[in-house]
Amino acid sequence: MDNELNLTHHISHRFNEELEEVRSNVMAMGGLVEKQVADGIKALLTSDTEIAEAVASSDFEVNAMEVAIDEQCTQILARRQPAASDLRLLVTIIKTITDLERIGDEAEKLGHIAVKLSDKNASSSQFVELRHLGEHVKTMLHESLDAFARMDVNDALRTIESDKLVNEEFESIMRQLITRMMEDPREIKNTLRVSWCARALERIGDHAKNVCENVVYLVKGKDIRHTSLDKMREELI
Amino acid sequence: MDANIKLKNELVDDTQTGLKTLQGNSTADMEQEIGATIGQQFVDKPKMQARNVDVFYGEKQAIFDVNMDFGEHEVVALIGPSGCGKTTFLRCLNRMNDTIPICKVTGDISLDGEDIHSKAMDPVLLRARVGMVFQKPNPFPKSVYDNVAYGARLHGLASNKAELDEIVTTSLQRAGLFDEVKDRLQEPGTGLSGGQQQRLCIARTIAVSPEVILMDEPASALDPIATAIIEELIDELRQNYTIAIVTHSMQQAARVSQRTAYFHLGKLVEIGETNQIFTNPQHELTENYITGRFG
């Protein structure tokens, strides 16, 4: 069968509309989460408390979208009893919005920590290490949402691959932060906070990877979770 | 009306409907490339095997080169749009098509390795081994007891009344109907509800100890509760029989079968494990059909 999924063309126009609507809601949720992450990183790097507080308090919007999309999916499952690619789409959406909601939680964490760090007058040079990791994670999230929107397996696999870099970068930041704590014990508290931010960013990378794995399941019908990249490529290409 | 005549008339009606639908297919549709059958056509322990089966109604070919097995203790669902040949193919399996003069079946169909078209095979005995349950419940205009006892008497399965009673009771129990009708065994079978009548027909089929049961949309005329009871029964019967079921309900095929075969324009397009067919079909036509898309 052609790998490109055709999610419209159901005999029922209403069903087409329902699927299209839920899909566009997921993309809207993705956009919101992407903005939250970008703002969280920006707040951290620029010590902008206003943005930090906005991020810390805006998670409710993402949560509300998760609940609404979940409800839409439940109704479609109950009323349409979808099969094949339609079923995979709904399963993918239900899983994806959980990941997006958790990304939102991580962004919220970034906001809270940014507020605390700015209270302590920590200099932005302390978390310059996060800049690169932050950019990497933002790109990864953007690409994973793109892969979902375009249902593109190759994009998804490339993004999954880039999670390895994020993990390596995270390990490297942790080593630097440990060194700093050993050198100057007075900075331990703030450095720990920076490490939590690094951890939050790394987790966002993991969730973006999950979104990509869901995309592969949607398009190919294969569950590639917990398999090595080489095996994924072997099975899919 | 005599039960056999009624049965034959229903068959002819069904066939004519199938033919009309077949004739309604445009040439362009017929030319659409379907390709070779995809999926798991054959099994390790086949009960019935169909090889290169073609069916013609007069000049018109209804089934094209179907190759597949029906395994022991499995339920195989045959799905596809109206006129795709699934019922025609099902009827080949116990030579019900012999009753239609213009129908010609070629290819090999075997039961336990034995050619069902061989001269040694008595069609009446074949139909006892490969029983059939139809779309509309069609109890004979006889008592509940006689409906179930009919086949057993015909095939001389009981040597005395006690044995016949035992066959009737066991069959009704297996069909999940005994408790509901035990006090009215002598009342007409036609007086039962639709779901009960269908289970009575299943009991009648079981009474002659078949090895394979063919079901042609057995629950399409029933309400959801009666349907659920029939589906539960199908699942239980699987322990002892091979079952082939034609159904228009995707959900029913998904619920009751282990393998699903998708027919389109008389060809077997795809066959595979039901789990796979309903989550990740390989052929675009199968995908379009089960998701309700335009072909």
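Select B:Leu111 first: this residue stands opposite B:Glu114 in strand β6 of chain B. The model is predicted; local features need pLDDT of at least 70, side-chain atom pairs count only at pLDDT 80 or more, and totals for chains, interfaces and linings use all residues. Residues are numbered from 1 along each chain as its sequence is written, and chains are lettered from A and ligands numbered from 1 in the order in which they are written.

Strands here are DSSP runs of E with at least two residues, helices are runs of H or I with at least four, and both are numbered from the N terminus; two strands pair if DSSP finds at least two bridges between them. Next, display the four strands of this open, antiparallel sheet of chain B, in the order β3-β2-β5-β6. Its edge strands, β3 (60-71) and β6 (114-115), each pair on one side only.

**Strand β8 of chain B**

Now select β8(B), residues 212-216, where five of five residues are buried. A residue is buried if 20 or more other C-beta atoms, placed from the backbone, lie within 10 Å of its own, exposed if 12 or fewer, and partly exposed in between. One side carries B:Val212, B:Leu214 and B:Asp216, the other B:Ile213 and B:Met215, and both faces are covered.

β7(B), residues 130-133, runs parallel to β8(B) and is joined to it by four bridges, with B:Val130 opposite B:Val212. Five bridges join β8(B) to the parallel strand β9(B), residues 242-246; there B:Leu214 stands opposite B:Ala244.

Include helix α9 (residues 224-237) of chain B to see a right-handed β-α-β unit made with β8(B) and β9(B). Right-handed means that, with the strands pointing away from the viewer, the path from the first strand over the helix to the second runs clockwise.

**A loop residue of chain B**

Move to B:Ile34, in the loop between α2 (27-31) and β1 (38-39) of chain B. B:Ile34 counts as partly exposed because it has 17 C-beta neighbours inside 10 Å.

**A helix pair in chain A**

Finally, select helices α4 (residues 84-119) and α7 (residues 188-220) of chain A, which pack at about 165° with their axes 9 Å apart. The two helices are therefore roughly antiparallel, the term for angles over 145 degrees.

How values were computed. Axes fitted to C-alpha atoms, helices over the stretch in contact; angles between N-to-C directions. Parallel < 35°, antiparallel > 145°, perpendicular 65-115°, else oblique.
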